[in-house]
Amino acid sequence: MTDVPAPTADADHPEVTVIDTREEYLVAVDALAHGFGPYAVDAERASGFRYSQRAYLIQVFRRGAGVFLFDPPAIGDFHELSDLMDGEEWILHAASQDLACLREVGLDPDEVFDTELGARLAGLPRVGLATVVEELLGIHLAKAHSAADWSTRPLPQGWLVYAALDVELLPDLRDRIAELLHEAGKDEIARQEFAAVLEKTTPVRQEPWRRLSGMHALRSPRQLAVARALWTARDALAQELDTAPGRLVPDLSLVAVARAQPTSKRDLAALKEFTGRASRRELDRWWAAVEAGMADPEPPSMRGTGDGVPVPRLWAEKNPEADRRLKRARAAITTRAEELSIPVENMLTPDTLRRVAWAPPAETTAETIGDALTAHGARPWQVQQLAGLIADAFVEARQADTGTPAEA
């Protein structure tokens, strides 16, 4: 049996243009109004190139209307499109990645069908757009421009075809995934998960500088103080220039400086690990940050500002009972995830399980565990599937600790 290559989606694709005037934009909105069915939506940012996460291209497709590529910086106000799409279903792939930049220009859906999340819930092993399109629709979708700098103007035609295809295939993909979910009896699970995507907010990190790559190499509060000062200086410059911070000076370079703690500007300039296009051009800025870090009267703690729940690798020593609860509950959830063909991380977030295992209700019942899960953001379907399992796991962990046999 010979494998037949899937047809390539961009073969002979019509030329695509970018809408960058108010007149063209209003014509497009009118055309979309005469289409039918849900709206397929996508946005392209310039992550890795720009500091901001704004959308530099927004694609909208609707059956009967066609595909339209909008230039947000040029158009500015999208209230007509927002009014048109209000109350309708939007189809997005990995919606959580695009909702923030869409909301920034006033495009905020009331209802979404997330094809990436839907594919996960349907039990597909790989859920990238190109993979799912090829598996379910039999069409090869090239992803050559996924990491492109979409702030580039003018945008090359190959990029525009790629961007158009990202939405043109979504309605057919949505329908196929909906069929799989229905066949598996997961309609309500998907409905709750899609609704949760709209309610999810981006957490504000208390100490974002601690996410510098290579931080494990720093062994003292003073080194951390220098790293923090350098990160803050780089972030301010990146925001001013609207450039991705790592394109100015890489994370590992900042950590190398913090580790070395140079004693002069000359020593800083001579540090071979200190690289990046702005490393020497902005040497005064970096040296000022080093001095500020070295003189900081309140260097940061090595432990950081935690939320009271240690990392699980420390549980066996700090709280053996919680460690047993976590391990037994995690095993039970993994088994149920396999039974439902849902990734274990979609059954329940690891953070939620850790919090409930670390500080469980005083009385361990399915009801009290369910209340605790709900308090931490679990959806009703998750509570229904897991509250009893987790309660049983916690009881078993306690019985194993005391040597009390479980009831038959």
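Are Phe 113 and Phe 194 buried or exposed? Both are buried. The notes below concern a predicted model.

1. **Aromatic pairs.** Seven aromatic pairs turn up when the whole structure is searched. In one of them, the ring centres of Phe 113 and Phe 194 lie 4.8 Å apart. Their planes meet at 55 degrees, so this pair is tilted. It joins distant parts of the chain. Phe 113 belongs to strand S6 (residues 111-114), and Phe 194 belongs to helix H9 (residues 187-199). The two are 81 residues apart.

2. **A stacked pair.** Trp 150 and Tyr 162 have ring centres 5.9 Å apart. Their planes are at 25 degrees, so the pair counts as stacked. The cut-off for stacking is an angle under 30 degrees. Trp 150 sits in the loop between helix H6 (129-137) and helix H7 (157-168). Tyr 162 is in helix H7, twelve residues away from Trp 150. Both Trp 150 and Tyr 162 are buried.

3. **A ring cluster and two charges over rings.** Tyr 25, Phe 70 and Phe 78 are linked into a cluster by ring pairs. Elsewhere, arginines meet aromatic faces. The charged end of Arg 54 is over the ring of Tyr 56, 5.5 Å from its centre. Arg 325 lies over the face of Phe 394, and here the distance to the ring centre is 5.9 Å.

4. **The sheet.** Six strands form an open sheet with mixed pairing. Their order is S1-S4-S3-S2-S5-S6.

5. **Strand S2 and its partners.** S2 (residues 36-44) runs parallel to strand S5 (residues 89-92), and two bridges join them. Tyr 39 has Trp 90 in S5 as its bridge partner. Ala 40 is partnered by Ile 91, also in S5. S2 and S3 run antiparallel, joined by six bridges. Opposite Asp 42 stands Gln 59 in S3. As background, side chains in a regular strand alternate between the two faces of the sheet.

6. **Helices on the sheet.** Helix H1 (residues 22-33) packs on the sheet. H1 touches S1, S2, strand S3 (57-63) and strand S4 (66-70). The direction of H1 makes about 150 degrees with that of S4. H8 lies across S2, S3, S5 and S6. H8 runs at about 95 degrees to S5.

7. **Arg 174.** This residue deserves a look. Arg 174 is in helix H8 (residues 170-183). Is Arg 174 buried or exposed? Arg 174 is buried, because its relative accessible area is 18% and the cut-off for buried is under 20%. Leaving aside residues up to four places away in sequence, Arg 174 touches Glu 89, Ile 91, Phe 113 and Thr 115. Phe 113 is the S6 residue whose ring pairs with Phe 194. Ile 91 is the S5 partner of Ala 40.

8. **Nonpolar cores.** How many residues make up the largest nonpolar core? There are 93. The members that touch the most other members are Ile 58, Phe 70, Phe 78, Leu 81, Trp 150, Leu 373 and Ile 390. Beyond its nearby sequence, up to four places away, Ile 58 touches residues including Asp 42, Phe 68, Phe 70, Phe 78 and Leu 107. A second, separate core has 28 residues, among them Leu 230, Val 255, Trp 287 and Val 290.

9. **Helix H19.** H19 spans residues 366-375. Which residues of H19 are buried? They are Thr 368, Ile 369, Gly 370, Ala 372 and Leu 373. Just after H19, Gly 377 takes a positive phi of about 95 degrees.

10. **Helix H20.** Gly 388 is in helix H20. Its relative accessibility is 26%, so Gly 388 counts as partly exposed. At 47% relative accessibility, Asp 392 counts as partly exposed. From Asp 392 to Arg 328 the C-alpha distance is 9.1 Å, and the two are 64 residues apart in sequence.

Technical notes
Residues numbered from 1 in each chain as written. Predicted model: local features only at pLDDT ≥ 70, side-chain atom pairs only at ≥ 80, totals over all residues. Heavy atoms only, no water. Phe/Tyr/Trp six-rings, centres within 6.5 Å; stacked < 30°, edge-to-face > 60°. Helix = DSSP H or I, 4+ residues; strand = E, 2+ residues; numbered from the N terminus. Buried < 20%, exposed > 50% of the residue type's maximum accessible area, 1.4 Å probe, protein only. Lys NZ or Arg CZ within 6 Å of the ring centre and 35° of its normal. Contact = heavy atoms within 4.5 Å. Pairing = 2+ DSSP bridges. Axes fitted to C-alpha atoms, helices over the stretch in contact; angles between N-to-C directions. Core = buried A, V, L, I, M, F, W, Y, C linked by side-chain atoms within 4.5 Å.
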